[in-house]
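Student: Please take me through one part of this model in close detail. I would like to follow its packing first, then its surroundings.

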Amino acid sequence: MKLVLDWDGTCTVRDSLVAVVHDLGDPSIYDASLQETFATYGEALAAEVHTLRCTSEEAAAWAVEHVELRAGFHELVERFDTVIASSGLQQLILPVLAREGVQVEVRSNDAIPSPDGWQVVFRDEGVCSTCSDKCKRRSLPEGDPLVFVGDGWSDRCASLAADRVFARTGLAAYLDEEGTPYEPYETFFDVAAALT
Ligand SMILES: [Mg+2]
Ligand SMILES: [Zn+2]
C-alpha cells in the first residue's frame, strides 16, 4: 500500500498557501472565487503565488510560526509508506516538516522568489492528459493499492486515479457529484484507524 497525502487543508488544518497570501501577499486575489476568475487551476495557482514579494527565508519563518498540522499526522506518516503530493510550494512545506522532525517524500511545485512577485515552477511539464490542467495526478507514486487523502480542487483528478480515497470538504462534495465513493475523515487518526 502506498499512502498519498495532499498537503494544504489535508496535512495542514488551514490552507497554508491561502494563509500566506493573506499575511504576506495580496489577498484581493480572493475577492472573487479563484474557480470563477481563472479557467484553470494552474493559472489560479500562478496568480496566487505571484502576489508574494517576500524572501524565501521570510516565507519559511512564517510557515514555521503559523502552519498547524492535522491531529494524527505523526502517527499516520510513521505507520504507513507515505508520499506528500502537493500543488503547493516547497518553500512552505519543507520548513514545517523540519520543525516536526518528520522525514517524508514530498512531490510538490516550487517557486522562484522575487521582489517583483514569486514565479511558480510546476513540478510536471505541460498539462495532465486526463484533465488538461497543471494537475498533480502526474506526481502520484506507484502503489497497489494507492490510497489518496485530500480536501480540495487540486485533488480532484489525482483522487480519481487512486484505489481508495479519503475526502473532506470540497473534494468530498466533488466526489459526491461524480458519484465516486470515498471515506470521510476529520483527523488523521480517523484515516489511520480505517487503514489498520
Ligand atoms: Mg488541499
Ligand atoms: Zn489531471
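Tutor: The buried residues of α7 pack against α1 (7-11), α2 (16-24), α5 (56-66), α6 (73-79), β2 (82-89) and β3 (105-112). Contact here means heavy atoms within 4.5 Å. Helices (H or I, at least four residues) and strands (E, at least two) are DSSP runs, numbered from the N terminus. This is a predicted model: local features need pLDDT of at least 70, side-chain atom pairs count only at pLDDT 80 or more, and totals for chains, interfaces and linings use all residues. Residues are numbered from 1 along each chain as its sequence is written, chains are lettered from A and ligands numbered from 1 in the order in which they are written, and side-chain values use heavy atoms, with hydrogens and water left out.

Helix α7 spans residues 90-100, and its buried residues are Q91, L92, I93, P95, V96 and L97. Buried means under 20% relative accessible area, exposed over 50%, partly exposed in between (1.4 Å probe, protein chains only). Just after α7, G101 takes a positive phi of about 70°.

The largest nonpolar core has 48 residues, and L97 is listed with L5, W7, F73 and F188 as having the most contacts inside it. Such a core is a set of buried Ala, Val, Leu, Ile, Met, Phe, Trp, Tyr and Cys residues joined through side-chain atoms within 4.5 Å. Its largest share, five residues, comes from helix α4 (residues 41-50). Leaving aside neighbours within four places in sequence, F73 is in contact with W7, C11, L97, V102 and F188. Another core, of 13 residues, lies apart from it; L146, A158, Y174 and L175 are among its members.

Now α4. Helices α2 and α4 pack at an angle of about 40°, with their axes 9 Å apart. Axes are lines fitted to C-alpha atoms, for helices over the stretch in contact, and angles run from 0 to 180 degrees between N-to-C directions. From α2, L17, V18 and V21 meet L45, E48 and V49 of α4. By class, this contact has five nonpolar, no polar and one charged residues. Ala, Val, Leu, Ile, Met, Phe, Trp, Tyr, Cys and Pro count as nonpolar, Asp, Glu, Lys and Arg as charged, and the others, Gly among them, as polar.

A46 also has its place in helix α4. A46 is partly exposed, with a relative accessible area of 28%.
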